[in-house]
Amino acid sequence: MPLGLILGIGRAFRRKRTSSLDILSPKRAPRNYYKGKNCKPTGFHTRKGGYVVVQEKLPNYVVPDLTDFKLKPYVSQCPIVANTTEPSEPTK
């Protein structure tokens with residue numbers, strides 16, 4: 001009897017332990033778990049099926065004034081070939 005108990009405890013320790021870092025999917029989670037798409041909620045659902053948007057939860061982007069900025073916001077699809085003073089070395 002004590003030998004069977006000791007062997008059972010040994011088998012329990014040899015089993016693969018579930019890591020707390022495993023991917024939690026809605027199928028393995030509690031019933032009310034909703035994974036989402038890695039987005040922050042912007043409001044909450046009401047009892048009647050509506051949705052209330054909370055202004056404090058909306059993203060607020062602060063954009064600086066770029067009127068006299070020298071760089072352009074986009075990269076051209078057709079770059080101009082620039083002449084360099086150093087000759088390029090051929091690759092082997």
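Me: How do the residues lining the largest pocket divide into nonpolar, polar and charged?
Reply: This is a predicted model: local features need pLDDT of at least 70, side-chain atom pairs count only at pLDDT 80 or more, and totals for chains, interfaces and linings use all residues. Residues are numbered from 1 along each chain as its sequence is written, and side-chain values use heavy atoms, without hydrogens and water. Ala, Val, Leu, Ile, Met, Phe, Trp, Tyr, Cys and Pro count as nonpolar, Asp, Glu, Lys and Arg as charged, and the others, Gly among them, as polar. The lining of the largest pocket splits into 3 nonpolar, 2 polar and 3 charged.

Me: Which residues line the largest pocket?
Reply: A pocket is an open set of points on a 1 Å grid over the protein atoms alone, where a 1.4 Å probe fits, with protein on both sides within 12 Å along at least five of seven lines; lining residues have an atom within 4 Å of a point. Here the lining is Y34, K35, G36, K37, N38, C39, K40 and P41.

Me: How far apart in space are P26 and G36?
Reply: G36 is one of the residues lining the largest pocket. P26 and G36 sit 10 residues apart in sequence. C-alpha to C-alpha, their spacing is 9.6 Å.

Me: Where is P26?
Reply: Helices (H or I, at least four residues) and strands (E, at least two) are DSSP runs, numbered from the N terminus. The chain has 1 helix and 2 strands. Along the sequence, they follow the pattern α-β-β. P26 lies in the loop between α1 (2-14) and β1 (43-45).

Me: Why does P26 count as partly exposed?
Reply: Buried means under 20% relative accessible area, exposed over 50%, and partly exposed in between (1.4 Å probe, protein chains only). P26 counts as partly exposed because its relative accessibility is 48%.

Me: What is the relative accessibility of Y51?
Reply: Y51 belongs to strand β2 (residues 51-53). Y51 is partly exposed, because its relative accessibility is 39%.

Me: What percentage of the chain do buried residues make up?
Reply: The chain has 92 residues. The buried share of them is 2%.
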